[in-house]
Amino acid sequence: MSAVVTAGMPRRSITLGRSIVGRIGLLPALLVALVVGMSAIDPQFYGLINILNILRNASLLAIVACGQALVIVAGGFDLSVGAVVALASVVTAKTMAATAAAFPGNTALIIASGAAAGIGCGLAVGLVNGFCVAKLKVSGFVVTLGTMSATAGVGLMITSGIPAYGMPDSFVKGFGRAQLFGLPTAVYAALAVIAAMMFVQRRTLFGRYVYAIGGNVDAAVVSGVSIQRHIVGTYAVSSVLAALTGILLTAQVGSGQASFGGDRMMLQSIAAAVIGGVSLRGGVGRVEIVAISALFLTILGNALNLLHVDSRLQPVFLGVIMVAAVALDELSRRSKARV
Amino acid sequence: MDLDADLKPAEPLLALRGISKRFTGVRALDRVDLDVHAGELHVLFGENGAGKSTLINVVSGTFPPDEGTFHFGGEDIRHLTPQRARSIGISPVFQEFSLVPSLTVEENLFLGREVTRGGILHAREMRKRATALIDELGFDLDPSQRVDDLSRAHQQMTEIAKALLGRVRLLILDEPTASLTERETSRLFELIARLKSQNVGLIYVSHRMREIRALADRVTVLRDGRHIRTLDAATSTDSELVELMTGRKIDLLFPTITHKPDKVMVDVENLTLADGSVRDVNFHARAGEITGVAGLVGCGKSELIRAIYGIEPIVSGTIRIDGLPYDFPAPRRSLRNGVAYFPANRVAEGLALSRPIRENASMTVLDLPAFARFGVLRQAVERTTIQRVMEQLQLRPPNIERTAGALSGGNRQKVMLGRALTRELSVFLFDEPSVGIDVGAKLEVYEFMKRLVEAGAGVIVVSSELPEVLALSNRLYVMHHGRIAAELTGAEKTEQNVLASFFREHLVAEVA
């Protein structure tokens, strides 16, 4: 079928598109075009408040997307990240409130216990995901669909849908809403995560084996790579990063909410990974590109808001761009020759 | 299989003139001419990367040529698609199968041209025609079996049957015997003779001289995407063909290997596998010699060495490596014990095609402290080591950052061999080492084994190609139905004896 379709298309435009993608990458070009275009249309766009807003949101998305990218590179899928963001948020807030009641005034302990509980429940979900995929051989899609549902349910049960308050001021004002050299703390957190993940992907055995497993599981087995451990690892990292995002979001907003993250965050993280060149076939993808793609998606959403595009219409753009990104990836893959 | 009667015998069935095809930067075909007459078997001969695959892909409509003319049955053909090619009677059988693994043989045969009545599948008619076709071909195939349950040989038969369903005027066979046994191969040859007598034209890609001798009417030699010469098969010699193909002289296909059998490196006692593919096998291999394992497809010979390496579950029996008992084999531990395995299917089990050569070659060695400390890779060491190893193996082009998916069969095999040179190893298990690679690359693999053996390593070669195991091995095991049927050394090591041991087993089985 595909051969018929391509044969009918104008050859010239495909070749042109391909050469641009090959030389500088489509994503930076789109990003620049978007920024330049929006700056020309609406001066509000390059206002400081808007820029900080964009950076904050992009940072949160980038952290989740880095984890998602790792899972997809290994050949998996993590649908539970949005629900983990919500669960980590409410667990962190509730734990802080409880610790504050038990040890009033001990801010360090309160914050540490809350953060540990948030990260801990993320890790727990990730380990369950990884265990089911690696040991029970259930597909990642199904497993994380299940844990997404369960995790979201637990989040709602804990809070009954009411935002959880009672966190120390130093956590909210001193950390979540604070700025360092004019930038929100979330930006530094994201940069740290991206740098760490780049290191993991390029310089560690774990990162290399994740590429190998995603590239060809059977070849990895024959090469003596232990598959299960590394698959569990990818899901654990993904969930922990989602939990970290939940904690950052909680600190920023000042309350733990079961409505954080959710399907939207999950979809966006997958979109960011895919647009950022992570192949759904596994074995290909770099987190720094995924981070740029998260920035691009955030700016796109922001632009659509500033242009007063109906919010119900916005997901349509996301969908179109995602499909176009995968289509371009396939096109460039097909044109490669063997030597 | 009806033919246009008005077609003059002098006019070729297929006439290509000046066909060129470029892929991003690489000129895969450069003004190639090809004529195939009805009733002729035309062999395409050339090394990997010579442009054979590209040419048959152009003929079967997978992608259009950049320039050149294409005449089929006297008609000028433009904008050919795979569907159109099939409908005008061009039927390709590719090395990489075009079968849907989750569908049955019959469903695959009719895929895209199902017999329907008012949009509803006509199952009985299809079953009837599938059975008739398989019977006519003499293949041992069950139309209701799922393709992923079949062996590679049976998948190959399905692929051939699929190509012959319907009206065929030009059949393209790309190394069709690569996974067939001798018996199945002779069936295929009979079939080819029948097709020729029915005036079907054939394009046949093969590296095997014996097949070319047995089948070919004419041979077209390609090199570096260019048409070198077309010769009459009857008047050309083997060395002439090989010389034209490689552009240099090759005297002997198999190198002379000096075997110096030393201590027993691999010792297997009463080995039985969980799936019953190997039963009560006693086997040993020494350092300094090549131990061959011959047998038909599915006889358990691959499973035997896979079990030693640790990728087939064992129920009973003992394995000793270098005298030490080796329980519960696993790939990582095998590598640490100095045992390496080279899988038959390099795409399925060997390489991560989306990853660069460097990562693929170093995949088996990263557990060593020289390459990674505390989980952190030492990239400089990795790069220089792999660069050196691939230079040693003469990788062309010598760029280790290319992705493995962009490589030809011969270069892929080199990446696999590269793994052997990255760490200290003493036992090498080769599973069908020369499947899918050309004569030049085969020679390099054989030379590689020669160097290993003469350096004192133990090499085990499992192969369905009898001449190969006969020539390479010092001691040869013959397997049949999961058991060792014979162990041949020295003068006993002949083709007749190997075939006789299959036959003897058959008799024993029939008597029992």
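**View 1. Residues of helix H10(A) that meet helix H12(A).** In H10(A), A:Phe206, A:Tyr209, A:Val210 and A:Ile213 meet A:Ile227, A:His230, A:Ile231, A:Gly233 and A:Thr234 of H12(A), where two residues are in contact if their C-beta atoms, placed from the backbone, lie within 7 Å. Helices (H or I, at least four residues) are DSSP runs, numbered from the N terminus. This is a predicted model, in which local features need pLDDT of at least 70, side-chain atom pairs count only at pLDDT 80 or more, and totals for chains, interfaces and linings use all residues. Residues are numbered from 1 along each chain as its sequence is written, and chains are lettered from A, with ligands numbered from 1, in the order in which they are written.

**View 2. The packing angle of H10(A) and H12(A).** Helix H10 (residues 205–215) and helix H12 (residues 227–253), both of chain A, pack at an angle of about 105 degrees, and their axes are 10 Å apart; axes are lines fitted to C-alpha atoms over the stretch in contact, and angles run from 0 to 180 degrees between N-to-C directions. That makes H10(A) roughly perpendicular to H12(A), a term for angles of 65 to 115 degrees.

**View 3. The contact of chain A with chain B.** Chain A gives 27 residues to this contact and chain B gives 37. On the side of chain A that touches chain B, two or more residues come from each of helix H1 (2–8), H10 and helix H11 (217–222) of chain A, and H10(A) provides the largest share, six residues.

**View 4. Surroundings of A:Ala62.** Not counting residues up to four places away in sequence, A:Ala62 touches A:Ala190, A:Ile194, A:Ala291, A:Ala294 and A:Leu295.

Note on methods:
Angles under 35 degrees count as roughly parallel, over 145 as roughly antiparallel, 65 to 115 as roughly perpendicular and the rest as oblique.
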